[in-house]
Amino acid sequence: MELFRLEHKKLWRKTSVRISVLLCFAYVVIFGGVLSYQWFEFGSSHDVTSAFGNNFDGYAMIRSYQARADSYGAYLTDGALQRMVRDIQQDNDRGIYWQNADSRSTVSGYLSQLYPELEDADNAYPTLMEYYVDSARLTDFYGRRQAALEQFLHLQGQGTGEERAMLLAMNGKVDEPFRYGWVRGWQFVLGNSLADLGVIMALFLAVVLAPTFSGEWHSNTAPLLLTTDGGWRRLARVKVLSGLAFAIELFALLAAGGVAAQLVYLGTAGWDMPIQTMKLLAVAPMNMLQAEIYEYAFALLGAIGFTGVVMLLSALVKSNVLALLLSLAAAYGPMMIAQYLPYGLQSALGLLPLVGSGTDIFRTNTFHIFGKYIWSPYLLITVPVLIGLICIPFAVMKWSRRQRA
Amino acid sequence: MDLSFDRLTKHYGGKIAVDRVSATLTPGVYGLLGANGAGKTTLMRMLCGILEPTSGEVFWDGKEVTGLGAAYRNVLGYLPQDFGCYPHYTAAEFLSYIAVLKGLPRDTVQRRIRELLDTVGLRGAAGKKLRTFSGGMKQRVGIAQALLNDPQVLILDEPTSGLDPKERVHLRNLLADYAGDRIVILSTHIVSDVEAIADEVLMMKAGSFILRGAVPELVRQAEGKVWELTVPAARARAWQARATVANFRHEGDRVVLRIISDERPGSQAVPCRPTMEDLYLYHFGEEA
């Protein structure tokens, strides 16, 4: 325990670690959280060409968006949708844009997916259906959603057999009508902030943890450590624990900051909305809170898995620079090459730590393994951490063997 | 208590770093002397068990050290050449870290660290970060860490490098005092350090021991090979080119040369009393 405490202290004492954590926190919580809520993302806009043209009034705007969404009732019914469209059209007629801009994007998505036949090709802006569609024709929302989902599965090649049955069974557990509230705040949290968390953590985890083992050669302390009684193997275990603790601490810091900013700006309203209000054709019977928990768990487990991979790479080489490059390549290499690979390989690469996406809960992707269809989020959350845990004993072993090189 | 090694050999590819060296070391101070690349560090690393010999074995009290593992490391203290440390740790934290790695009992660690920092003259700097330390201060921290577990075998690779003359004398006294019933092996280029404290000198060249013995005994081997010759200043350079000159001292317009040579270098040359440094130059004159 004492050795762990000292090793952990050693890690945090490094200037590079402190700067990395500070930068990561600033980027994720300050830039991607507080400033995004208050300015870039939700500040009222008079200059649509740049988020920097927004006003610094996100907090007040969010309150007005939430109040407006709440005015349509607690559930998303045909009547509620019709009222939303009517309000958008009335505001537009009066030249008011910003007050409905937020719900407009959500409604626009519903209409284009569920009522494509209402699109007027002769209209100057045919895709902006919410401005001209006859609201009275917006009926049978849930019947149309079911049909659109089945059509989507068919187009995805998931339209028959066991896979279709599995996905539709999941969808069958989604409560209807949907609880409804202000969607875009959750969309920002689940689709932007949290979706990028793993990608950013990968960079900083690599910078901080790549020298864990290789750094001992770099700082020329390896010969000294080798002659100690506790020696190599015990130290290796402590280094691994310290690295894992750091990954968890970094995650906790970012998560705490992110959740605090979210609570201040968005509050808890809408936590029980199904994710289908955000992505109509999602099949997972999850509400926003569950989706957020999943995405945080995805980032945490991915970070732990990535830590294991970085530890192994650090133990394999004696150069800090090489360890860092390999660690970065382990996360960003697969992301870069994925688009050039067949779909099956792309999916497989997504199972590597911090390479896949937590937003797969909004999709219908599956893995077909040993004749069974498995919904991709189940594997995307478990396999990366397993990969990392498998790497750890090899890292310890490799580091231990180096002693007599 | 003895540390012995038998035909210890290390090859790096086709290069022989240490070539079948054998010795049995009992308590005392052993000075490992040799030019750069003579094999001193390689030998020390093999004695510490951190470098696998190509062939040969190391024994501690008759038992092969690889088999002893942690039991051998428990009695070992090692200061590597170019000792590395963690710059963001304070001296006390660094020593605590090594103490824990060495498995020192928790209740004695802080007391031992205070004692050692006192011993190496760093008590006032215990709370300062190592990155602020001079080379000599870091070296003293290195020596303190090697002594943490009160080792029976203390192996110091170039312990006096980076130390100023006062610190060197202090370290020499410390080691001489420490040795007692322990085995202390130190390597150095600084012949006077070895001369001052080594009970026995092991001189290495090209991976082999070329000389071994107590200092006076070895110095005697250089008798009749050290000469003093006074020449005009203009001819001094020519002498330097054709003989091993240990010293060069101006006296008015003439120069007194201390020459190492098997033969009397000139009719005016007078024999002088040899030192360990003369012996070293006798063997390593060209490399020096």
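Student: Which residues touch the most other members of the largest nonpolar core?

Tutor: In this predicted model, the largest nonpolar core holds 210 residues, and those touching the most other members are Phe141(A), Leu205(A), Phe5(B), Leu43(B), Phe94(B), Tyr97(B) and Met276(B).

Student: And which helix gives the most to this core?

Tutor: That is helix α12 of chain A, spanning residues 288-316, which gives 15 residues to the core.

Student: What is Phe5(B) in contact with, leaving aside its neighbours within four places in sequence?

Tutor: With those neighbours set aside, Phe5(B) is in contact with Val21(B), Ser22(B), Ala23(B), Leu25(B), Leu43(B), Leu47(B), Glu57(B), Val58(B) and Phe209(B).

Student: Switching to the chains, how many residues are in contact between chain B and chain A?

Tutor: On the chain B side there are 36 residues in contact with 28 residues of chain A, and the area buried between the two chains is about 2,800 Å², with carbon and sulfur atoms giving 57% of it.

Student: How many salt bridges go across that interface?

Tutor: The rule finds 3 salt bridges across the interface of chain B and chain A. Arg106(B) forms a salt bridge with Glu2(A), where the closest N and O atoms are 3.5 Å apart.

Student: What does Ser96(B) touch, and is Ser96(B) buried or exposed?

Tutor: Ser96(B), whose place is in helix α4 (residues 91-101) of chain B, counts as buried because its relative accessibility is 8%, under the 20% cut-off. Not counting residues up to four places away in sequence, Ser96(B) touches Leu6(A), Val109(B), Gln110(B) and Ile113(B).

Student: Back to salt bridges: how many does the structure hold over all chains?

Tutor: Over all chains the structure holds 29 salt bridges. In one of them, Arg68(A) pairs with Asp91(A), the closest N and O atoms being 2.8 Å apart. Arg68(A) lies in helix α3 and Asp91(A) in helix α4 of chain A, so the pair ties together parts that are 23 residues apart in sequence.

Student: Last topic: which residues make the nonpolar surface patch of about 390 Å²?

Tutor: That patch is made by Leu386(A), Leu389(A), Ile390(A) and Phe394(A). Ile390(A) sits in helix α15 (residues 376-401) of chain A and is exposed, with a relative accessible area of 52%.

Methods
Residues are numbered from 1 along each chain as its sequence is written. Chains are lettered from A and ligands numbered from 1 in the order in which they are written. This is a predicted model: local features need pLDDT of at least 70, side-chain atom pairs count only at pLDDT 80 or more; totals for chains, interfaces and linings use all residues. Side-chain values use heavy atoms; hydrogens and water are left out. A nonpolar core is a set of buried Ala, Val, Leu, Ile, Met, Phe, Trp, Tyr and Cys residues joined through side-chain atoms within 4.5 Å. Buried means under 20% relative accessible area, exposed over 50%, partly exposed in between (1.4 Å probe, protein chains only). Helices (H or I, at least four residues) and strands (E, at least two) are DSSP runs, numbered from the N terminus. Contact means heavy atoms within 4.5 Å. Patches are made of residues with over 30% relative accessible area and no salt bridge: like charges are joined within 9 Å, nonpolar side chains (Val, Leu, Ile, Met, Phe, Trp, Tyr) within 5 Å. Accessible areas come from the Shrake-Rupley method with a 1.4 Å probe; for residues, only the protein chains shown count as cover. A salt bridge is a side-chain nitrogen of Lys or Arg within 4 Å of a carboxyl oxygen of Asp or Glu. Buried area is the accessible area (1.4 Å probe) that two parts lose on being put together, summed over both.
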